[in-house]
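Student: Please take me through one part of this model in detail. I would like a close look at the place where the chains meet.

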Amino acid sequence: MITYKNIGMKYGPNTILHDVNLKIDDGELFVLVGPSGSGKTTLLRMLNKLTVPTDGDVYFEDRKIKEYDVQKLRLDMGYVLQDSSLFPNLNVEDNIAIQLEQKGVSKAKRHKRAAELLESVELDPKKYAKRMPAELSGGQQQRIAIIRALATEPSLILMDESFSALDPVLRKKSQDLVLKLHKQYKTTIVFVTHDMQEALRMGQRIAVLNKGEIQQVGTPHDIMQHPATDFVRQFFDIKTPHWWDMDFLVASNALKKIDFNEQLPVIDNFKELMKLLTQQTQLDFQYQKAGYSMTSQKLLAYLSEEGGVH
Amino acid sequence: MKVLMQTIVEQRGEILKSLLQHIQISFISLLIAMLIAIPLAIWLRNHRRFGEIGLQIAGIIQTIPSLALLGLLIPLVGIGTVPAVVALTMYAIMPLYQNTYSGLTNIDPNLEEAAVAFGLSKWKRLQRLEFPLALPMIISGIRIALVMIIGTATLAAFIGAGGLGDYIMLGIQQNNNYYLVIGGVLSALLAFIFSGLLKYMGSSKKRIYGGGIVVLLFLLGIGGNQVYQAVKPQPVNITIAGKLGSEPEILMNMYKDLIQQDQPNAHVTLKPNFGGTTFLFKALKKNQVDIYPEFTGTVLESLVDYDKKTPKDPKKIYHIAKTTLAKQEKMTFLEPMEYENGYDLAVTQEFSKKYHVTKLSDLERVNDKVKAAFDPDFSNQQDGYLGLKKKYNLNFSEVNRMEPSLRYKAIANKRVNLVDGYTTDPQVQEYNLVVLKDDKHFFPPYQGAPLMNSDFAEKNPQVVKSLNRLKGKISVEDMQKMNYQVSVKNKKASVVAHDYLVKHNLLDK
């Protein structure tokens with residue numbers, strides 16, 4: 001469990017953070033979201049002591065972070081940066097196992113662990129373990145960066161704008177991968193992003209920050225339904241409702257999955273779907289190479305549930 | 001071309017020795033510089049302010065002309081290999097430090113942050129990330145340093161460190177282009193080959209390790225050899241040095257032959273073309289050399305405090321020089337040889353005919369027509385141009401200072417029309433010059449004799465005895481002939497010296 005207690009951060013006359021109180025539960029995928037300069041990255045960096053708060057204390061497993069041995073603390077945390085930040089001079093295996101190497105784990109064990117992790121992201125260890133980062137595609141690099149954070153089986157993984165530099169397709173894939181791995185390993189993940197779509201997609205709970213202050217903490221649903229401040233409402237652009245997003249629809253349980261078939265009509269966005277469903281009561285379609293079925297009744301139910309926003 | 005090949009074949013032993021010496025000096029300097037510069041850069045990379053200061057200092061050292069730096073080091077560390085290695089090391093530090101420093105400080109900050117956030121220790125970060133990423137820069141620094149060292153090491157010959165510079169210096173001294181070619185081409189080739197090797201090594205990790213092992217073995221070899229040299233029983237060690245030019249080298253070889261005939265176990269090291277007069281004299285004072293041939297007149301003019309007028313009688317000069325040296329410097333000046341060697345002034349045939357100049361007193365008339373080239377020693381000494389000016393009322397329109405052999409080249413190429421020289425110089429004959437008569441007897445006669453410290457003479461009476469055999473030997477003609485053989489005909493000084501000694505029954509074989 002992570003607890004931020006009365007955290008303040010000042011650089012000279014500038015206040016970066018003001019009286020932040022926050023609890024993050026074990027096993028949670030927690031998102032810190034806010035525009036640039038809101039202090040979200042500063043909050044994250046307090047967890048691995050890259051930044052030390054000027055006021056208040058951060059607790060990790062009921063101990064003040066500042067009381068931890070910094071190296072030990074960091075070795076037990078995964079970290080994924082904005083670009084993959086793979087060490088260009090080390091091969092994939094050595095990159096993945098770098099923290100284990102520092103911990104003094106034997107070479108054979110490191111090799112085994114790297115192979116395990118590579119398999120978990122569908123990269124053949126025989127093929128990829130000895131490759132250099134430059135020989136990988138951007139997506140593969142990002143996958144390696146993610147599993148590198150898992151190498152020591154850490155209890156906490158920090159992700160700092162990890163997917164911001166990726167193109168939309170890769171970003172979605174990476175998000176899916178993290179969601180999948182999170183389900184699998186139940187590791188606590190603190191995820192920083194400035195992208196509200198990403199925040200809604202990833203976060204079990206979300207903390208919205210602006211100008212060094214927490215605006216709201218809650219589930220995506222809470223935030224969408226009951227934005228606590230005008231800032232939150234504006235930031236999440238609630239005029240275009242979140243349920244307008246096809247991905248959100250797919251993630252909800254409103255759609256019935258059916259077998260994929262090339263013949264199915266292709267639907268790209270929510271508007272098309274609505275239009276077609278005004279003409280027929282039931283529609284089978286494909287979206288991003290998957291088959292779905294939807295009835296107008298289900299659509300209405302979905303809208304009544306999600307659309308209750310003022 | 002034929003002569004060049006012949007020179008190479010004749011001197012292959014010496015050439016190889018110079019080459020190895022060159023490589024040795026260069027490598028030792030490079031390694032020391034690496035041991036200093038790379039850890040320094042690693043240490044200072046996290047203290048940027050000091051790091052930048054380090055860059056400035058290294059840059060300043062780089063701008064000191066190499067010859068000046070070598071000169072500055074002599075009072076501190078003496079002569080020979082040590083100052084050469086020190087100077088070369090100082091030069092090499094700059095590119096090594098600069099490249100290592102910028103290699104380490106220009107690493108992507110994201111990677112650095114990742115490494116820190118992963119909890120990697122400083123050492124791990126250096127070993128696994130920073131050093132490998134900076135390595136290409138460091139290797140290019142090593143290449144730059146090595147090429148520079150190999151080039152600059154040719155100057156080390158001027159302070160007696162040997163190497164290929166010996167050939168370049170000899171080439172300039174004796175106006176011998178073949179020596180120049182040998183020294184120049186070999187050092188260029190050396191730089192080229194080693195630079196290529198380093199590039200090849202730097203292209204893969206395995207090769208870097210391989211290269212490291214080779215260098216290590218090489219070092220062990222040098223170290224082992226040094227230890228062996230230090231441990232093996234030492235016979236009498238005598239170092240004989242000489243000034244620039246063929247004549248001192250011939251004399252030194254005679255000394256060596258004579259000493260070794262009487263003491264076969266004596267280990268005599270020759271350091272020909274060791275340097276100018278004051279440099280040699282200082283080296284003798286500091287016991288860095290044991291013996292060198294010096295002239296009686298030079299002793300009075302430049303080496304001891306003697307404010308009276310230099311007498312004209314050679315015997316008197318020798319006597320005063322000997323007693324003054326013994327009193328002021330605790331040095332022993334052995335008996336001189338027969339030939340008298342002194343300064344003279346020589347002009348071209350053309351000049352002599354055009355202005356009817358045959359003696360020094362004729363020069364006053366044509367002061368404005370004279371373009372002179374003088375040896376730097378000559379132009380500065382009271383027994384040289386300074387005194388000559390007063391005596392003959394001279395004031396030449398142009399006076400150039402240059403190295404002894406260059407000045408003959410200058411007159412041969414008609415760049416000047418008057419030079420100073422020694423009576424035994426072979427170039428007078430070679431370039432068909434006219435030696436002007438010293439009609440007012442300004443130049444004191446100079447006689448050559450071995451000079452050594454008195455305590456050395458006391459400890460080595462046998463050496464004194466051996467060298468005294470040259471007393472009253474060697475006429476002016478003999479010396480001129482021998483000089484001609486060496487500097488014009490490119491014969492080896494050791495051979496010419498040996499032949500003379502055998503011919504005159506001073507040596508058994």
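**The A–B interface**

Tutor: E113(B) and R45(A) form a salt bridge, with their closest N and O atoms 3.0 Å apart. A salt bridge here is a side-chain nitrogen of Lys or Arg within 4 Å of a carboxyl oxygen of Asp or Glu. Between chain A and chain B the count is 4 salt bridges.

This is a predicted model: local features need pLDDT of at least 70, side-chain atom pairs count only at pLDDT 80 or more, and totals for chains, interfaces and linings use all residues. Residues are numbered from 1 along each chain as its sequence is written, chains are lettered from A and ligands numbered from 1 in the order in which they are written, and side-chain values use heavy atoms, leaving out hydrogens and water.

Polar contacts come next. Chain A and chain B have 9 residue pairs in polar contact, both residues at pLDDT 80 or more. A polar contact is a pair of N or O atoms within 3.5 Å; within protein, one must be able to donate a hydrogen and the other to accept it, and residues adjacent in sequence count only if both atoms are side-chain atoms.

Now the chain A side. Helix 2 (70-75) and helix 4 (98-103) of chain A are the elements that give two or more residues to the side touching chain B. Helices are DSSP runs (H or I, at least four residues), numbered from the N terminus. Helix 4 of chain A brings the largest share, 4 residues.

Now the totals. Chain A puts 21 residues into the contact and chain B 17 residues, contact meaning heavy atoms within 4.5 Å. About 1,800 Å² is buried between chain A and chain B, and carbon and sulfur atoms give 60% of that. Buried area is the accessible area (1.4 Å probe) that two parts lose on being put together, summed over both.
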